[in-house]
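Me: I would like to go through a structure together. Could we take it piece by piece?

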Amino acid sequence: MKIGVLTSGGDAPGMNACLRAVVRSAIHYGHEAYGVYDGYKGLVENNIHKLERNDVGQILNRGGTILGSSRLPSFREKEVRQKAVDNLKNIGIDALVVIGGDGTYRGGMALDKMGINVVAIPGTIDNDIASTEYSIGFFTALDTAIDAIDKLRDTSFSHQRCTVVEVMGRDCGDLSIYSGIACGAEIVITKETGYDKDYVLRQVQVAENLGKRHLILVVAENITNVFELAKDIENNSNFNSRATVLGYIQRGGTPSSFDRILASKMGVRAVELLIAGESGQAVYTDSLEIGNCPIQEALDVKGEVTDLYSYLQKLN
Ligand code: ADP
């Protein structure tokens, strides 16, 4: 088989680790791998090149995507997609792995309907693909946000400030709520919690009455103007207040341990699905909820050999 792979939409740390896993596991199983550059744009423009094992060396720990990514709104048009299908057929590519967010999934599904075998992998910092508990890049972006908020807290404490931090995530509040929990933010505002400015101002006053020396407010993007909110807080409390927008800094950086392993496992799964003739599938993880059991049971249960050992040979 010839298996194509592309990264599309917003880039995310771990996309390279996933690309490496797709290429290496395809070769491991005796097939060929082809990289499509700049997402769906590369499919349409025939920017497709064979990748060997060494072409994906030294990228496991690199942020971004060496294949490049793009947004191509015209890919919604059938005639544009037909060009992509023709290009794939001319090279003899049987199947395609698409790594990206929900827009990328829609593009993949449209290709599937036109006769290309497609498997989609969640690669987005936003964690906004509901079918998977976590997407590739989410935890790295979370670590970046946590690092920034920890630093802001230092100065917030020193200056008795209310610090308002805007965190990315498109329409999904996960990055905000997770970073709020991990950094001990007093208030987190997301689309899911809803935004009521008066309520927020009252909460700031409650914190002030409790004698808090400083405050951290995490606000998801696209909720409100955080600079204006900081001003309103300053006008309605004794805190002075500053706003910081973390922005694109959250998208870059070396993927975390979790994202490298998630990306590697998902890449292998996608290739195995395509080899098995599956199409129109989306890979996901449903990581465990917190549970509990009797302590005796916890002592008695026998650990199983992890399946991670089987991945090693497929990735090298
Ligand atoms: P993400 O994958 O991160 O959600 P986008 O929403 O920008 O990013 O989608 C990436 C690309 O997927 C778009 O630029 C477009 O080329 C393609 N795409 C999105 N929606 C569709 C659709 N309904 N049909 C076909 N292609 C689509």
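**A walk through the model**

Reply: Let us begin with Asp126, which sits in the loop between strand E5 (117-122) and helix H5 (138-158). Helices (H or I, at least four residues) and strands (E, at least two) are DSSP runs, numbered from the N terminus. This is a predicted model, in which local features need pLDDT of at least 70 and side-chain atom pairs count only at pLDDT 80 or more, while totals for chains, interfaces and linings use all residues. Residues are numbered from 1 along each chain as its sequence is written, and side-chain values use heavy atoms, with hydrogens and water left out.

Me: How many salt bridges does the structure hold?

Reply: The structure holds 11 salt bridges. One of them joins the side chains of Asp11 and Arg251, at 2.9 Å from N to O. Asp11 lies in the loop between E1 and helix H1 (15-28) and Arg251 in the loop between strand E9 (240-245) and helix H9 (257-275), so the pair ties together parts that are 240 residues apart in sequence.

Me: Are those two buried or partly exposed?

Reply: Asp11 is partly exposed, with a relative accessible area of 24%. Arg251 is buried, because its relative accessible area is 17%.

Me: What about Lys212 and Glu186?

Reply: Their side chains meet in a salt bridge of 3.3 Å, N to O. The pair links distant parts of the chain, 26 residues apart: Lys212 is in the loop between H7 and strand E8 (215-220), and Glu186 is in the loop between helix H6 (174-183) and E7. Within it, the closest N and O atoms of Lys50 and Glu52 are 3.4 Å apart.

Me: Changing topic: where is Thr7, and what does it touch?

Reply: Thr7 is in strand E1. Its relative accessible area is 0%, so Thr7 is buried. Apart from neighbours within four places in sequence, its contacts include Met15, Asp38, Thr65 and Ile99.

Me: Where is Thr190, and why does it count as buried?

Reply: Thr190 is in the loop between strand E7 (187-189) and helix H7 (197-209). Thr190 counts as buried because its relative accessibility is 2%. Not counting residues up to four places away in sequence, Thr190 touches Gly173, Ser176, Ala220 and Ile223.

Me: Finally, what can be said of the whole chain?

Reply: The chain has 11 helices and 10 strands. Buried residues make up 50% of its 316 residues. Its C-alpha atoms fill a box of roughly 70 × 55 × 30 Å, taken along the principal axes. Among contacts between residues at least 6 apart in sequence, 77% join residues at least 24 apart.

Note on methods:
Buried means under 20% relative accessible area, exposed over 50%, partly exposed in between (1.4 Å probe, protein chains only). Contact means heavy atoms within 4.5 Å. A salt bridge is a side-chain nitrogen of Lys or Arg within 4 Å of a carboxyl oxygen of Asp or Glu.
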